[in-house]
Amino acid sequence: MSVSTETAVRPDSPTGPSAHAKHPSTHAKHSHDDAPDAAAAFARLAELEDGPERDAVRDELVTVWLPMAHRIAGRFRDRGESVEDLRQVAAMGLVKAVDRYDPSRGAFESYAVPTITGEVKRHFRDRMWALRVPRRVQELRNKVRLARRDLTLNPGAPEPTVAAIAAHTGLTEDEVGAGMEAMESFSTLSLDAELASADDNYSLADTLGAVDSSYELVVDREAAREGLRRLPERERAILYMRFFEDMTQTRIADVLGISQMHVSRLISRSCARVRDEAMGGQQPRSGRPDADGRTDTEGRTRAA
């Protein structure tokens, strides 16, 4: 439903003068000028079934109570959100209040004010934080903010310490610290913004370290270290020549006096063995390597 900001009421509307004249007993005192007497209209809304007539009564109620929603939205001005956006949020809270209100439970204003206020507060909690923080930390931030304001009301009062804020709020110093850190999370600073204290006009991004791609290899190297140590000497030499000296398989075969296919099989077998051990798979085979680089256990298995 679109919420209009018009406050005029049609003469023939259920909340207009004619409706009130028919129900003189519904007139009551309200705490604000923007709280109209709409008891008769709410009673009629509760009796109507879903349909065009009920929608019309509902729209009229939202229209006449909209100034109150705008007043509530005005309490939250100058907090980083435009007044128009706050009014829209408050208007949505008003719509919810109209839909959920039960005339038998008391005055509409008593129900609508906390409903609309809660809607605006949720908007700030869920939409206005540049950095998402837990709700409990947001509440700590509000307590710390209010405590700092109370402790600096007197002119010339020094900036309150963490201990003073903790004593004033009943929080622990750790909780006060978390709340003070959260006060810096409501808005963020661009990485391209120049630092005010910088003489060389460098930005915040210039102070951040870069990710070293070699860090990703540390775990893999450490995991493979023990497996490489357990390989027969010739297989370690082949892996070294292939991956550290960047020698081709043909050249390795010439150096060792074996075929290139044999070098290829040894490289594949050695890499698979190291990988299995690093991944927690098969246990290393025991035994001494034969002339082809196989251990005694491997040779017996193939012979069988």
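The side chains of D102 and S104 are joined by a polar contact of 2.9 Å. A polar contact is a pair of N or O atoms within 3.5 Å; within protein, one must be able to donate a hydrogen and the other to accept it, and residues adjacent in sequence count only if both atoms are side-chain atoms. This is a predicted model: local features need pLDDT of at least 70, side-chain atom pairs count only at pLDDT 80 or more, and totals for chains, interfaces and linings use all residues. Residues are numbered from 1 along each chain as its sequence is written, and side-chain values use heavy atoms, with hydrogens and water left out.

D102 sits in the loop between α4 and α5. Helices are DSSP runs (H or I, at least four residues), numbered from the N terminus. D102 is partly exposed, at 34% relative accessibility. Buried means under 20% relative accessible area, exposed over 50%, and partly exposed in between (1.4 Å probe, protein chains only). D102 and A43 are 59 residues apart in sequence, yet their C-alpha atoms are 8.9 Å apart in space.

## Aromatic pairs

The whole structure has six aromatic pairs. Rings of Phe, Tyr and Trp (its six-membered ring) pair if their centres lie within 6.5 Å; planes under 30 degrees apart count as stacked, over 60 as edge-to-face and the rest as tilted. One of the pairs is F42 with Y101. Their centres are 4.8 Å apart and their planes are at 75 degrees, an edge-to-face geometry. This pair links distant parts of the chain. F42 is in helix α2 (residues 39-47), and Y101 is in the loop between α4 (83-100) and α5 (108-127), 59 residues away. F42 is buried, at 4% relative accessibility. Y101 is buried as well, at 14%.

Y101 also pairs with F108. Here the ring centres are 5.1 Å apart and the planes are at 75 degrees, so this pair is edge-to-face. F108 counts as buried, at 5% relative accessibility. One aromatic cluster takes in F42, W65, Y101, F108 and Y111.

## Salt bridges

Side chains of opposite charge can pair when their charged atoms come close. The structure holds 13 salt bridges. Each is a side-chain nitrogen of Lys or Arg within 4 Å of a carboxyl oxygen of Asp or Glu. One of them joins D99 and R58, at 2.5 Å from N to O. D99 lies in helix α4 and R58 in helix α3, so the pair ties together parts that are 41 residues apart in sequence. R58 is buried, at 15% relative accessibility. D99 is partly exposed, at 40%. The two side chains also make a polar contact of 2.5 Å. R58 belongs to helix α3 (residues 52-74).

R44 and E53 form another salt bridge, with the closest N and O atoms 2.6 Å apart. Both ends are partly exposed: R44 has a relative accessible area of 33%, and E53 is at 44%. E277 bridges to R230 at 3.0 Å between the closest N and O atoms. E277 is in helix α12 (residues 260-278) and R230 in helix α9 (residues 215-230), 47 residues apart. E277 is buried, at 16% relative accessibility, while R230 is partly exposed, at 42%. K96, E119 and R122 are linked in a network of salt bridges.

## Nonpolar cores

In soluble globular proteins, nonpolar side chains tend to be buried together. The largest nonpolar core has 30 residues. Such a core is a set of buried Ala, Val, Leu, Ile, Met, Phe, Trp, Tyr and Cys residues joined through side-chain atoms within 4.5 Å. F42, L61, W65, L94, V98, F108 and I116 touch the most other members. The elements giving two or more residues to this core are α2, α3, α4 and α5. The most come from α3, with 10 residues.

F42 touches L61, W65, V98, Y101, P103 and F108, not counting residues up to four places away in sequence. Contact here means heavy atoms within 4.5 Å.

## A charge over a ring

R242 lies over the face of F243, at 5.9 Å from the ring centre. The criterion is NZ of Lys or CZ of Arg within 6 Å of the ring centre and within 35 degrees of the ring normal.
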